[in-house]
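Subject: Structure for your review

Dear colleague,

Please find below the structure that I am handing over to you. A summary of what was found in it comes after the model.

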Amino acid sequence: MIKIKFSVTIPAYKAQYLHEAIESVLKQTYNDFELIVVDDSSPEDLKKIVSFFSDERLFYYRNEKNCGAKDVVDNWNICLSKCTGDFVICMGDDDMLSPNALEEYAKVIDAYPYVDVVHARTYRINEIGKPIAITPKRPELENVYEFMLQRFLGCSQFIGDFCYRTSVLKAAGGFYKLPMAWGSDDITAVRAASTHGIANVITPTFLYRTSRFTISKSINAQPKLEAISREYEWYKAFFNNKSTNDLQEQLTKNEVVQRLNKFIIMKQLPLLHAEIRNNPFNIIKWMFKAKAYNISIKTIIKSAF
């Protein structure tokens, strides 16, 4: 097996589950890694939690200025800037890795050494850490359009279930920044998979916590709708700029292109519905803003019901 050093990063703000997150990384069966915790100027004492652990692979940093929820990707990229490993994982401060996560990633990278991104199957857990769902099994290797098609068909994915070649991610400018990181994980993965495709870990190795404290649940819809609009424009440019001579790949691309609008609308609808449910007059606001946010009038009307 080829020698791989992993960088696991935790852009941290909340204290509640941070101990569990750190512990899950330090208990890995694969030992060649560094764990980087970047405290986003939290009002809670995260340093005390980190200091509980005595491990030379664990590094703690604190931002002088808070990046905040809207600009959370900035902290992802601060974490990335401190990485020295060959591959990097960015996980939430309330998520966990299974004990064999890095070992499974290493096996897949050894089998497909040319890929720049690996994706893991995920357990969705509740606030007490109990598994409540699992993401579908994927093929061992997918081209970028096969990967996108599954996403457009509704497969869930999270920033923490991706493992990126560090040099490629840094060369691309880091994690792709969108407000609230809404779509940042999708675009970052597509960029990394665009040349050599994406390899998948068949064994579930990432644990994503569904919690009332999740950042994205506490912010109004406007920055998310802005992010979705920018995501839509990015995808259109990607399709126009990337060509293929492979027939199978081209046919899959055609299907992905056809599904783009529906994918975007399905992201917009619940946000608009919540806005209008909270204040019926918001339907007028979004009628005026529709063009600027790539929202159709039909979508706004549909969201009112």
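This is a predicted model: local features need pLDDT of at least 70, side-chain atom pairs count only at pLDDT 80 or more; totals for chains, interfaces and linings use all residues.

Residues are numbered from 1 along each chain as its sequence is written, and side-chain values use heavy atoms, with hydrogens and water left out.

Helix packing

Two packed helices are described by the angle between their axes and the distance between the axes. Here axes are lines fitted to C-alpha atoms, for helices over the stretch in contact, and angles run from 0 to 180 degrees between N-to-C directions. Helices (H or I, at least four residues) and strands (E, at least two) are DSSP runs, numbered from the N terminus.

With helix α7 (residues 184–193), its axis comes within 9 Å and the two cross at roughly 160°. The pair α5 and α7 is therefore roughly antiparallel, a label given to angles over 145 degrees, whereas those under 35 count as roughly parallel, 65 to 115 as roughly perpendicular and the rest as oblique. With helix α9 (residues 247–278), α5 packs at an angle of about 30°, the axes being 9 Å apart; α5 and α9 are therefore roughly parallel.

The handedness of each crossing is also assigned: left-handed if the near helix is turned anticlockwise from the far one by less than a right angle, right-handed if clockwise. The crossing of α5 and α7 is right-handed, and that of α5 and α9 is left-handed.

Salt bridges

A salt bridge is a side-chain nitrogen of Lys or Arg within 4 Å of a carboxyl oxygen of Asp or Glu. By this rule the count is 19. Burial is stated by relative accessible area: buried is under 20%, exposed over 50%, and partly exposed in between (1.4 Å probe, protein chains only).

One of these bridges joins K14 and D93 at 2.8 Å, N to O. K14 lies in the loop between β1 (6–12) and α1 (18–26) and D93 in the loop between β4 (87–90) and β5 (96–97), so the pair ties together parts 79 residues apart in sequence. Both K14 and D93 are buried.

Another bridge is formed by R165 and D116 (2.9 Å, N to O). R165 is in strand β9 (residues 162–165) and D116 in the loop between α4 (101–111) and β6 (117–125), so this bridge ties together parts 49 residues apart in sequence. D116 counts as buried, at 11% relative accessibility.

K285 and E275 also meet in a salt bridge, at 3.2 Å, N to O. K285 belongs to helix α10 (residues 282–289) and E275 to helix α9, ten residues apart. K285 counts as partly exposed at 28% relative accessibility, while E275 is buried at 12%.

Surface patch

M287, I297, I301 and F305 make a nonpolar surface patch of about 410 Å². Patches are made of residues with over 30% relative accessible area and no salt bridge, where like charges are joined within 9 Å and nonpolar side chains (Val, Leu, Ile, Met, Phe, Trp, Tyr) within 5 Å. Accessible areas come from the Shrake-Rupley method with a 1.4 Å probe, and for residues only the protein chains shown count as cover. F305 is placed in the segment after α11 (297–303) and is exposed, with a relative accessible area of 76%.

A residue pair

T252 is in helix α9 and is buried, with a relative accessible area of 13%. The C-alpha atoms of T252 and T299 are separated by 26 Å, and the two residues are 47 residues apart along the chain.

Yours sincerely
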